[in-house]
Amino acid sequence: MMMKKRLLALGMAGVMAFSLAGCGSGNGSAGTEGGAKAESKTEAEAGTENGTAGGGGEKVKLTFYDWSDEQSYLDPAVAAYNAQSDVAEVEVVYFPPTEYADKILASFSSGVEFDVLGVNGIAPYGDYQNKKTIQDITSYVEQSGLDTSVYGQVFEECNQEGIFGLPYRQAVWLLFINEELFEKAGLDVPTEQLTWNEYRELAKKLTKDKTYGGLVGMDNFVYMQQMGGSVMDEDTTIIRENLELWKALHEDGSHVPFEEKLEMGQNVGSLFTTAPAETVAMFQNGTWGVAAYNLKYESGEMPFKYKVMPMPIPEGSRDYTAPCSMNFLSVSKTSKHPAEAYDFIQWMCTHDGAKIIAENSTLTAYNDDEIKDIYLKAAEQSDDTLAKIVFSENNAIDTKYHPKYAEVETILKEEMELYMVGEQDIDTTMKNFESRRADVIN
């Protein structure tokens, strides 16, 4: 029993770290070409004052909460907004990724006044809506004349009862690979789409000495998402198949052990990137890794130039079917300046803001031909594989919107962890999940 409690505690810490940390591209800040700098602070440096700037022609001061992994591309975008705006001056307060969710909830609970928050994915977006912690901005969107169809069907599905935010960034899952480890194993990098079975066999061939063929990233439900499944599905067959696949990848020794992944939390990616970089040949991660790994390679921290491959797919699926997600900017329920906050959010989530974010190798939610070209140029890839992956029409949303999704997904992660480390079998895992889920949604 003590083992079970320890694993759950460790697992929840890992889940929190993974759910937040996988969405950035390094540290540091950057100015715009004209020299304007984003006003950004850490929690310790920032207070909770909110109001207007001094002097004539005052601009409203807005406080924007986000996690520090996003600083490298948010700082230049915020700086550019501040330089051109006569409406508001935005100050960004960054929190460590592993603390962000708790900090946001604590701020809401204590009534701390802040204006804008980054929302990391569809599940927390639904959760914040359900808890009424973010404001409905439908009237501002309508008044501005913004055509939200540019964000696609996923956006519409997430805003059935009003609009509670706009998406500024998206992510698509893919494989990052160390080509040097392929060469060392005498294997060619595949040029065709792999199925999960083919991927597993390839991972086995790459596993030798101290090298693992693969590492599963923070998304433990890729197969389910590719199959169009959801943790809310009444029929849990696909969920079961997903867990059995993950178990098989770890039991055959071709992937970094699940227990080690849990213990390392958000730092598990260092097994792929850090010198001598001989531990992991293929790493399942999101497109935020493009910006992060480019910076690591340029600085010399990462001793090899990675390549990308599409995520493996279930048998019979269409090529380039990968999970994808959106991050949103929303107005806090405690904001006294929702109109000004919306002005900032609209700028960030349309062409001008997207252009700067894309220049920093980060995939934007708003896309037109110019933005796509900017992103692909900044991503610095040697072929068109990344373009095929991120702009595929076959990509599947990683989370189907439901107000209870985040809570139910947490239950599945808890039960999955016990299954993965051998504390319970698959039948017990599914029985426990279905029972606990019923308690939440009924």
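Biologist: Among contacts between residues at least 6 apart in sequence, what percentage joins residues at least 24 apart?

Modeller: In this chain, 78% of those contacts do, a contact being heavy atoms within 4.5 Å. The model is predicted: local features need pLDDT of at least 70, side-chain atom pairs count only at pLDDT 80 or more, and totals for chains, interfaces and linings use all residues. Residues are numbered from 1 along each chain as its sequence is written, and side-chain values use heavy atoms, with hydrogens and water left out.

Biologist: How many helices and strands does the chain have, and what percentage of its residues count as buried?

Modeller: There are 19 helices and 11 strands. These are DSSP runs numbered from the N terminus, helices being H or I of at least four residues and strands E of at least two. Of the 442 residues, 56% are buried; that word means under 20% relative accessible area, exposed means over 50%, and partly exposed lies in between (1.4 Å probe, protein chains only).

Biologist: What makes the span of helix 2 agree with its number of residues?

Modeller: The expected span of a helix is 1.5 Å times one less than its number of residues. For the 14 residues of helix 2, residues 71–84, that comes to 20 Å, and the end C-alpha atoms are 20 Å apart, so the two agree.

Biologist: Why is helix 2 called oblique to helix 14?

Modeller: Helix 2 packs against helix 14 (residues 338–348) at about 120°, with the axes 11 Å apart. Axes are lines fitted to C-alpha atoms, for helices over the stretch in contact, and angles between N-to-C directions run from 0 to 180 degrees. Under 35 degrees counts as roughly parallel, over 145 as roughly antiparallel, 65 to 115 as roughly perpendicular, and the rest as oblique. Helix 2 is therefore oblique to helix 14. The residues in contact are Leu74, Ala77, Val78, Ala80, Tyr81 and Gln84 of helix 2 with Glu340, Asp343, Phe344, Trp347 and Met348 of helix 14.

Biologist: How many of these residues are nonpolar, polar and charged?

Modeller: The contact of helix 2 with helix 14 has 8 nonpolar, 1 polar and 2 charged residues. Ala, Val, Leu, Ile, Met, Phe, Trp, Tyr, Cys and Pro count as nonpolar, Asp, Glu, Lys and Arg as charged, and the others, Gly among them, as polar.

Biologist: Why are helix 8 and helix 10 called roughly parallel?

Modeller: Helix 8 (residues 196–206) and helix 10 (residues 237–251) pack at about 15°, with axes 10 Å apart. That angle makes the two helices roughly parallel. Trp196, Tyr199 and Arg200 of helix 8 meet Leu245, Trp246, Ala248 and Leu249 of helix 10. By class, this contact of helix 8 with helix 10 has 6 nonpolar residues, no polar and 1 charged.

Biologist: How do you know that Tyr168 is buried?

Modeller: Tyr168 has a relative accessible area of 1%, and is therefore buried. Tyr168 is in strand 6. Leaving aside neighbours within four places in sequence, Tyr168 is in contact with residues including Leu74, Met348 and Ile357. In space, Tyr168 is 7.7 Å from Met326, C-alpha to C-alpha, at 158 residues along the sequence.

Biologist: Why does Met311 count as buried?

Modeller: Met311 counts as buried because its relative accessibility is 2%. The residue is in the loop between strand 9 (307–310) and strand 10 (323–331). The C-alpha atoms of Met311 and Val222 are separated by 8.9 Å, though the two are 89 residues apart along the chain. With neighbours within four places set aside, the contacts of Met311 include Trp173, Gln193, Val222 and Gln284.

Biologist: Which peptide bond is cis, and where is Pro276?

Modeller: The bond from Ala275 to Pro276 is cis, with omega near 5°. Pro276 is in the loop between helix 12 (270–273) and strand 8 (280–286).
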